[in-house]
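Let's take a friendly walk through a protein fold together. Have the sequence and the 3D view ready, and follow along one step at a time.

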Amino acid sequence: MRPVLITDFQVDVLPRVWDSQTSDNLQTFDGQFGGARTVAVAPDNRTIATGSYDGKVRLYDAKRGVKLREFGSYTEWVSALAFSPDGKFLAAASAEGDVRLWRVKNGKMIRQYKGHRAGVMTLAFNKNGRM
């Protein structure tokens with residue numbers, strides 16, 4: 001089996017990668033504040049995104065555990081994340097019902113989708129890259 005990503009909600013609130021066979025902690029991702037609420041892994045397994053209770057999205061190098069960038073300023077917590085099939089874009093939703101599309105390489109927001117009456121709890125792209 002491959003390692004799996006588990007988000008801890010303990011005292012340190014740090015996302016961690018665990019080996020599913022040995023239960024060894026393979027990687028811990030620092031720089032997380034307010035606890036990670038949601039996690040997504042890029043299609044190439046090289047980047048991990050976390051969405052937090054502090055309204056921020058953070059991208060990490062999956063192998064080194066280093067924070068690559070941080071973006072977003074949602075009023076509520078980040079409730080869902082999804083990478084596009086090519087890994088170039090990240091969709092992020094919030095508990096306030098706001099969905100934003102971000103460019104992964106620079107953290108720039110490309111589009112914002114409003115109109116949901118409640119929080120968006122899941123996101124997905126189809127295999128053609130459409131949300």
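In what order do the strands of the open sheet of 4 strands lie? The order is 4-5-6-7, and the pairing is antiparallel. This is a predicted model, in which local features need pLDDT of at least 70 and side-chain atom pairs count only at pLDDT 80 or more, while totals for chains, interfaces and linings use all residues. Residues are numbered from 1 along each chain as its sequence is written, and side-chain values use heavy atoms, with hydrogens and water left out.

Strands are DSSP runs of E with at least two residues, numbered from the N terminus, and two strands pair if DSSP finds at least two bridges between them. In general, the strands of a sheet pair through backbone hydrogen bonds, either parallel or antiparallel.

Thr47, for instance, has Asp61 in strand 6 as its bridge partner.

Next, visit two loops. Most residues other than glycine have a negative phi. Ser23, in the loop between strand 2 (15-18) and strand 3 (25-28), has a positive phi near 65°. Asn45, in the loop between strand 4 and strand 5, also has a positive phi, of about 65°. Ser23 counts as exposed because its relative accessibility is 53%, whereas Asn45, at 40%, counts as partly exposed. Here buried means under 20% relative accessible area, exposed over 50%, and partly exposed in between (1.4 Å probe, protein chains only).

Finally, turn to the nonpolar cores, which are sets of buried Ala, Val, Leu, Ile, Met, Phe, Trp, Tyr and Cys residues joined through side-chain atoms within 4.5 Å. The largest has 14 residues, of which Val57, Leu59, Leu81, Phe83 and Leu90 touch the most other members. Strand 6, strand 8 (78-83) and strand 9 (89-94) each supply at least two residues of this core, and the largest share, 3 residues, comes from strand 8. Apart from this core lies another one of 9 residues, including Val99 and Leu123.
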